[in-house]
Amino acid sequence: MLSYAIRRAGGAAVVLLLVLTMVFLMLHAAPGGPETAYLGNNPTPEKRAAVLAQLGLDRPLWAQYLTFVGSILTLDLGSSLTTGTPVSELLADRMLVTLELGLVAFVVWTAIGMLAGALAAARRGRALDAVVRVGSVVALSVPSFWLGLILVLVFGLYVPGVLPSSGWATWDEGVGEHLRSIVLPAFTLGISAAGVIARTLRTSMIEALDADHVTFGRSLGLNERTILSRIALRNAVIPTVTVIGMMLGTFIGGAVLIENVFNVPGVGQLVVSSFLAHDYPVAIAATVWTAGTFLVATLVVDLLYFAIDPRIRAQFLERSTR
Amino acid sequence: MRTVVELPAGQAGDTGAGPLLEVSGLDVTYRTARGLLPAVRDVSFRVERGEVFGLVGESGSGKSSLVTALMRLLPRGSEITADRLEFDGTDLLTMPESRMRRLRGREIGLVPQRPMTSLSPVTPVAAQLRRLTGGEVDDARLHELLTDVGLGGLKARLGDYPFQFSGGQLQRMLIAVAVLAREPSLVLADEPTTTLDATVQAQVLRLLLDLRERLGNTVLLVTHDLGVVAQVCDRVGVMYGGRLVEVAPTRQLFEDPQHPYTRALLAAMPSNQARGERLRPIPGTVSGAQLLPGCPFAPRCDRATALCWEVDPEPTEHAGRTVRCHHPGSPA
Ligand SMILES: Nc1ncnc2c1ncn2[C@@H]1O[C@H](COP(=O)(O)OP(=O)(O)OP(=O)(O)O)[C@@H](O)[C@H]1O
Ligand code: SF4
Ligand SMILES: [Mg+2]
């Protein structure tokens, strides 16, 4: 297990380096360099050259690349070009907001999706099943950006005061206020993933109920509750975890969109605002943090997969002893 | 010297002297994408207490469907109807599901066809075997059961998962929970050895028969292997296209088959070829036979007449057994 974790972490590190490289190249290919943040309109060539030299942007590309990777690896992220605040400080506050939003959306929606999928499979062909099937298709096909705008409109304009449609209340502003401000963004962020999870679990459970071992269990008089909750669910969770892993992108990438729609001061909002302001160090740090979070989350799901499927474990042990 | 005591007819039911299983007019129909598929059609037979009843027939003839129907475990969307489906004098068809569930495993045990997939892949075997015996079994008893089926050496490995055992080992475990743990009076064994290595097949079959000797249960044995039938079965039913085309005591069936399909089946037996007879595969295939209006075997039968194509023969008593054929009889 430990060596599996180490191996997977090694893989994640390589991917992270690739992400860094791509961010670097993209920033250099994009029109209007970071110096734009410093220069007003129509800067003189002299002034531009001076700023470039100050930022080290007149050096060869490979040297800039090494400095860039080095500074990220040593967590020396520099300061914002626009406000002068250290990037690490900026990121620290917003990181917590994004993590909380993502985690709440993930936990709540995954639980709802799994519950709905399992109940639909258990009540296959009945009314509840039909509700879940239709509901999950609707949930997964609604574009979250559009849904977010609709919710902002509804709660901001038509039924104001029910739930805050914009902004983020911190814990200091009261637990109730804080939780209320999470509701709409978290709802929008995870609904499509919940639809996918519900459908996957339903299908996998129905498939699992056809398995030979379920028939054998029934032939020995096991009751339906044991069959569903102990056997079919246990088997159906494996393909569902794979899908949950694939949905992580929605939670982390989706935060970029959703935070902007609901004006939530998280990393996602920072990514957009810093890119628009050509705030080079902030943009890099926010992007890399987002990618890094995604990699870590994927890694956790992979390890979970390893923990719940004894066959994967055995395959790995076989390979590593050979 | 043995004395045979004849029971007065009235007492037969109370003392459980009637047949253990009585089936009459059983139909099993699957609803498929291409319409209704009558997998078992108008099947009638009885299994006497203590006997080994063999069920043979080629792939798709409806053997598993029949066995599964007896336990009322057919998949969703399939239908069972019967004039009579009685186990130990009790009607299985109208029995509420809760009672049927108590019967499963306790009164009727199933030994499955594919041991490799008959335990859940994600739970250690010890926990599953305990669960499958109704959770009433402690470690000591479990070990005792496994020792009894020849798996005494596996004590230390019971925390392992099914895929870490061989098919033969798994089948022994399944037999331990399905046959030995609760000693059901009827054991349904659906091709219990077909997926096992040739060397293991005989051992597993031996185990089933030894247990039967010890526990005195009745066995319904589905098999492809006519050699096994000849060795272990008291009576045999031959299935074709969803029908039970001939039912006879084993010896009679082998010495003097009456249904043309049974004759063809026996002629195709390897041991008959070894005796120098020429290989006689049965021409044609079984597919679609269930849907024919007349005799399901007509397309492949060398005796088929116009009547055979049009009218499905009813079961009749002939030469001391039941046969479904318009023109039964010994080989010319
Ligand atoms: N769940 C199902 N749904 C639809 N059709 C089925 C189902 N199970 C079996 N059948 C069909 O019913 C017929 C009888 O199948 P069955 O499995 O009972 O045959 P069998 O004699 O046990 O064959 P084998 O020797 O291959 O096990 C076949 O045509 C098969 O395709
Ligand atoms: S009824 Fe006719 S076709 Fe069918 S087995 Fe008998 S002789 Fe052959
Ligand atoms: Mg079968």
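1. Overall build of chain A. The secondary structure of chain A amounts to 12 helices and 0 strands, where helices (H or I, at least four residues) and strands (E, at least two) are DSSP runs numbered from the N terminus. Read from the N terminus, its elements run α-α-α-α-α-α-α-α-α-α-α-α. The C-alpha trace of chain A spans about 85 × 65 × 35 Å along its principal axes.

2. Basis of the values. This is a predicted model, in which local features need pLDDT of at least 70 and side-chain atom pairs count only at pLDDT 80 or more, while totals for chains, interfaces and linings use all residues. Residues are numbered from 1 along each chain as its sequence is written, chains are lettered from A and ligands numbered from 1 in the order in which they are written, and side-chain values use heavy atoms, with hydrogens and water left out.

3. Burial and contacts in chain A. Of the 322 residues of chain A, 43% count as buried; buried means under 20% relative accessible area, exposed over 50%, and partly exposed in between (1.4 Å probe, protein chains only). Among contacts in chain A between residues at least 6 apart in sequence, 71% join residues at least 24 apart, a contact being heavy atoms within 4.5 Å.

4. Ser165(A). This residue is placed in the loop between helix 6 (144-158) and helix 7 (175-209) of chain A. Ser165(A) is buried, its relative accessible area being 13%. Apart from neighbours within four places in sequence, Ser165(A) is in contact with Leu151(A), Val152(A), Phe155(A), Gly156(A), Leu184(A) and Phe262(A).

5. Strand 1 of chain B. Strand 1 (residues 21-32) of chain B pairs in the antiparallel sense with strand 2 (residues 35-47) of chain B over 9 bridges, two strands being paired if DSSP finds at least two bridges between them. A hairpin through 2 residues joins strand 1 to strand 2 of chain B, and Arg31(B) stands opposite Leu36(B) in strand 2. Strand 1 of chain B also pairs in the antiparallel sense with strand 4 (residues 78-81) of chain B over 4 bridges. With strand 5 (residues 84-87) of chain B, strand 1 forms an antiparallel pairing over 4 bridges; here the bridge partner of Ser24(B) is Arg84(B).

6. Tyr30(B). Tyr30(B) lies in strand 1 of chain B and stands opposite Ser78(B) in strand 4 of that chain. Not counting residues up to four places away in sequence, Tyr30(B) touches Gly35(B), Leu36(B), Leu37(B), Ala39(B), Ser65(B), Leu74(B), Pro75(B), Gly77(B) and Ser78(B). By contrast, Tyr30(B) and Arg49(B) are 19 residues apart in sequence and 31 Å apart in space, C-alpha to C-alpha.

7. Helix 1 of chain B. Because 6 of the 8 residues of helix 1 (residues 63-70) of chain B are buried, this helix is largely enclosed by the rest of the structure. The buried residues are Lys63(B), Ser65(B), Leu66(B), Val67(B), Ala69(B) and Leu70(B). Ser65(B), placed in this helix, has a relative accessible area of 10%. Ser65(B) touches Val28(B), Tyr30(B), Ala39(B), Val40(B) and Leu74(B), residues up to four places away in sequence not being counted.

8. Backbone angles to check. Most residues other than glycine have a negative phi. Asp88(B), although not a glycine, has a positive phi of about 50 degrees; Asp88(B) is in the loop between strand 5 and strand 6 (90-91) of chain B and is partly exposed, at 35% relative accessible area. Ala319(B), likewise not a glycine, has a positive phi of about 50 degrees. Ala319(B) is found in the loop between strand 12 (316-318) and strand 13 (321-323) of chain B, and is partly exposed at 43%. Arg72(B), which follows helix 1 of chain B, has a positive phi near 55 degrees.

9. Surroundings of ligand 2. Ligand 2 is surrounded by 13 residues, the closest being Cys295(B), Cys301(B), Cys308(B), Cys325(B) and His326(B); a residue is near a molecule if one of its heavy atoms lies within 4 Å of it. By class, this shell has 9 nonpolar, 3 polar and 1 charged residues, where Ala, Val, Leu, Ile, Met, Phe, Trp, Tyr, Cys and Pro count as nonpolar, Asp, Glu, Lys and Arg as charged, and the others, Gly among them, as polar. The space taken by ligand 2 is the largest cavity. A cavity is a set of points, on a 1 Å grid over the protein atoms alone, where a 1.4 Å probe fits but cannot get out; a molecule sits in one if more than half of its atoms lie within 2 Å of its grid points.

Key:
1 Å grid on protein atoms, 1.4 Å probe; cavity = no way out; pocket = protein on both sides within 12 Å on 5 of 7 lines; lining within 4 Å.
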